Amino acid sequence: MEFDNLHEVLRSLYDEMMPLSAEMAAVAKGLAGLGALFYVALNVWRALSRAEPIDLFPLLRPFALGLCIMFFPTMVLGTINAVLSPIVTGTHGILEGQVLDLNALQAQKDQLEHEAMLRNPETAYLVSDEEFDRQLDELGWSPSDLATMSGMYLERGMYQLEQEIKNAFRELLEILFNAAALVIDTLRTFFLIVLSILGPIAFAISVWDGFQSTLTQWFTRYISVYLWLPVSDLFSSMLAKIQSLILERDIEMLSDPTYIPDTSNAVYIIFMIIGIIGYFTIPTVTGWIIQAGGAGNYTRNVNQATQKAGNVLGAGTGAVTGNIGGRLMHKQ
């Protein structure tokens, strides 16, 4: 089974398990109903004790959450997925376009490298069986010709072994690269399933007074995890674009008949390693895209730290000024 089919299996798994969230709605209804009772009673009692008019608008919040719990798979999950699915479709289209361009350029580069090796008499027999047989036919049976023949066999064998090792290492890195993408997609599917199934419980807990932030955090985490796949596609598209630019430069140089190609594929291997490491930074990047209340807390902490530093600096300056003034008065 190919890696693309495994990604399709994960998407099918999420679609099949998403309706299980409806089974948690029964438990969430009781929890939300009890929380709504205490929430309404507390707000009404607070208003009566202060002799204030009862504000009905905040009291509608538990009922709105109750409707979301009752129709959670369609009203909540269906709405969020419908809004975010175009992002996934768009980024996947970008990735497919870049991969198609990359494959075409790679095939063109391989063809030009083969032709460049054939143009060079010293390397033509390494890649062409016809050229190898022709050069062998030109040799005689003298000791020097036999030594040359043995050297040709040895060089050809070493070249083929080197290419096999490079191709094996390249295939290993490609497997690790696809495995890293599959790990991210598997974790994403697992987190989405957990958030989807236990979503009604999170909505029910947010009804209780003091746990209102649970609702915001659930939305934040769900959207953040959902965006793992688009960010992964964008990262893969960036790597494919970089490799396309490198291939275009190689093709331009291979167009020169005097250019000797480099078949080491070191740049390709380096970017594969970068891609494997970069895949595991995707959760951090999506955390920058969607975040609830992060900027405000950060700004408040920075302001507090600045004020403390200013107070310490002011106190230190005042102490130094007082010491200097005291010394001057003592001298006078």
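**Exercise 1.** Find which residue forms a salt bridge with Glu 8, and state how far apart the closest N and O atoms are.

*Solution.* Start with the term: a salt bridge is a side-chain nitrogen of Lys or Arg within 4 Å of a carboxyl oxygen of Asp or Glu. The partner of Glu 8 is Arg 11, with the closest N and O atoms 3.7 Å apart. Glu 8 and Arg 11 are three residues apart in helix H1 (residues 3–17), so about one helical turn separates them. Helices (H or I, at least four residues) and strands (E, at least two) are DSSP runs, numbered from the N terminus. Last, check accessibility, where buried means under 20% relative accessible area, exposed over 50%, and partly exposed in between (1.4 Å probe, protein chains only). Glu 8 is partly exposed because its relative accessible area is 45%. Arg 11, at 27%, also counts as partly exposed.

The model is predicted: local features need pLDDT of at least 70 and side-chain atom pairs count only at pLDDT 80 or more, while totals for chains, interfaces and linings use all residues. Residues are numbered from 1 along each chain as its sequence is written, and side-chain values use heavy atoms, with hydrogens and water left out.

**Exercise 2.** Decide whether Leu 173 is buried or exposed, and list what Leu 173 touches.

*Solution.* Leu 173 is found in helix H8. Leu 173 counts as buried because its relative accessibility is 6%. For the neighbours, contact means heavy atoms within 4.5 Å. Leaving out residues up to four places away in sequence, Leu 173 touches Ile 269, Met 272, Ile 273 and Ile 276. From Leu 173 to Tyr 268 the C-alpha to C-alpha distance is 10.0 Å, and the two are 95 residues apart in sequence.

**Exercise 3.** Work out how helix H2 and helix H9 are oriented.

*Solution.* Axes are lines fitted to C-alpha atoms, for helices over the stretch in contact, and angles run from 0 to 180 degrees between N-to-C directions. Helix H2 (residues 21–49) and helix H9 (residues 199–207) pack with axes 8 Å apart, at an angle of about 0°. H2 is therefore roughly parallel to H9; angles under 35 degrees count as roughly parallel, over 145 as roughly antiparallel, 65 to 115 as roughly perpendicular and the rest as oblique. Residues making the contact include Ala 28, Leu 31 and Tyr 39 of H2, and Ile 201 and Ile 205 of H9.
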